[in-house]
Amino acid sequence: MDKFKIIGKSRIAGEVTISGSKNAALPLLAAMLLPNDETILHNVPTLKDTETLIKLIAGTGVNIKKEGNTVIADSRTVTDYYAPYDLVRTMRASILVLGPLLARFGEAEVSLPGGCAIGSRPVDQHLKAMEALGAIITVENGYVKAKAPAGGKLIGCNFTFDMVTVGGTENVIMAASLAKGVTRLENCACEPEVVDLANMLVAMGAKIEGIGTPTMVIEGVDSLHGCEYSVIADRIETGSYLAGALMSEGDVLTKNTSAEFLHPVLKKFEAMGATITTGDDWIRAVMKGRPKAVDIRTQVHPGFPTDMQAQLMAVCCLADGTSTIIENIFENRFMHVPELQRLGANIKVDGHTAIVVGVDTFTPAPVMATDLRASMSLVMAAACAEGESIIDRIYHIDRGYDDVENKLKSLGVNIERIKG
């Protein structure tokens with residue numbers, strides 16, 4: 001496995017161009033299965049997860065290729081409705097092909113997903129909603145087998161999600177876009193990535209009302225056509241690099257991004273003492289002195305995003321005072337705490353609550369990335385430590401951060417990839 005060698009102590013400063021959103025690109029790639037046509041998707045980040053999903057889509061017979069940051073897919077050539085375990089096991093988002101395959105072809109067979117070990121993220125809401133749309137669902141030998149009702153078309157329905165689920169909302173609006181009749185969905189996720197998918201579906205000819213609200217109404221159409229679309233900027237990548245400025249008395253300008261998607265995070269940055277300025281497509285964070293302690297409670301959008309919790313915890317480790325962090329989304333999302341403690345952090349965990357007492361500085365140590373977002377918190381912490389740190393299992397960071405070491409180098413981080 002590859003590792004990072006990082007030598008601190010860096011002042012994280014400079015300009016960095018933000019890539020397309022991983023969490024938006026994955027459902028948008030899955031949606032390319034829906035039209036019997038060619039679709040062009042721009043601003044697709046180069047990541048392990050996007051590579052995996054492109055391979056999975058190609059396995060269905062789609063003529064799909066990635067040229068730079070653009071993906072071109074011709075889904076007129078689909079021959080198979082099967083998503084194998086070998087690909088799906090590495091990435092939870094692979095389940096997103098279930099809705100498009102089922103809606104367009106009347107059947108699908110998708111392995112139950114794998115991915116980050118940050119807690120139980122069951123797909124039961126996906127399957128309940130598909131059953132409400134008339135699908136016959138069985139789970140056999142680790143595979144979800146789904147068939148549309150007689151006639152091969154899903155049927156519009158009223159469905160309320162038992163809990164807010166981003167992936168579930170995305171899967172179901174894709175399926176409902178080709179269903180017969182009207183589907184009304186309640187308790188939908190409202191994340192910007194869900195909005196991006198709905199907007200692309202509309203560009204393909206879908207009829208969707210209530211985009212960006214908990215209630216969406218989808219009037220099914222007979223077919224969708226291809227379109228040309230661009231993935232939104234990655235709000236989590238943006239927040240991650242800006243957090244580096246707060247940890248190091250730095251000055252980071254993120255370009256090709258939007259403050260619209262990051263309001264709760266930027267408010268916390270300001271509460272910690274950073275000066276935040278924004279434009280139409282950029283955000284800048286300037287930090288003088290130590291950050292101030294804050295309290296954080298993760299929530300579904302528009303609350304504080306769970307995907308920024310680990311990065312903000314790293315900032316809190318160097319803050320003046322005591323911070324309280326409550327994780328409400330995933331039960332195992334404090335796995336980075338022991339690794340931050342190895343770097344000298346003072347953190348105590350009680351259930352879903354972490355108490356973080358600020359220390360003067362991080363100290364270098366060998367650490368291990370435990371999941372995607374935790375890996376970035378460790379990288380930033382190591383960059384602020386006085387000495388050399390080794391970060392193992394960086395395949396996690398390659399799943400979600402495009403060209404990460406070159407971007408960090410441009411911000412003044414002394415980082416080197418050691419090939420495994």
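Predicted model: local features only at pLDDT ≥ 70, side-chain atom pairs only at ≥ 80, totals over all residues.

Analyst: Residues are numbered from 1 along each chain as its sequence is written, and side-chain values use heavy atoms, with hydrogens and water left out.

User: How are the rings of Tyr81 and Phe105 arranged?

Analyst: Rings of Phe, Tyr and Trp (its six-membered ring) pair if their centres lie within 6.5 Å; planes under 30 degrees apart count as stacked, over 60 as edge-to-face and the rest as tilted. The centres of Tyr81 and Phe105 are 4.8 Å apart and the planes are at 20 degrees, so the pair is stacked.

User: Are Phe159 and Phe161 buried or exposed?

Analyst: These two residues form an edge-to-face pair, 5.2 Å centre to centre with 90 degrees between the planes. Buried means under 20% relative accessible area, exposed over 50%, and partly exposed in between (1.4 Å probe, protein chains only). Phe159 and Phe161 are both buried.

User: Which residue of strand 14 is the bridge partner of His42?

Analyst: Strands (E, at least two residues) and helices (H or I, at least four) are DSSP runs, numbered from the N terminus, and two strands pair if DSSP finds at least two bridges between them. An open sheet of four strands has the order 4-5-3-14, with mixed pairing. Strand 3 (residues 38-42) pairs with strand 14 in the parallel sense over three bridges. In strand 14, the partner of His42 is Ser230.
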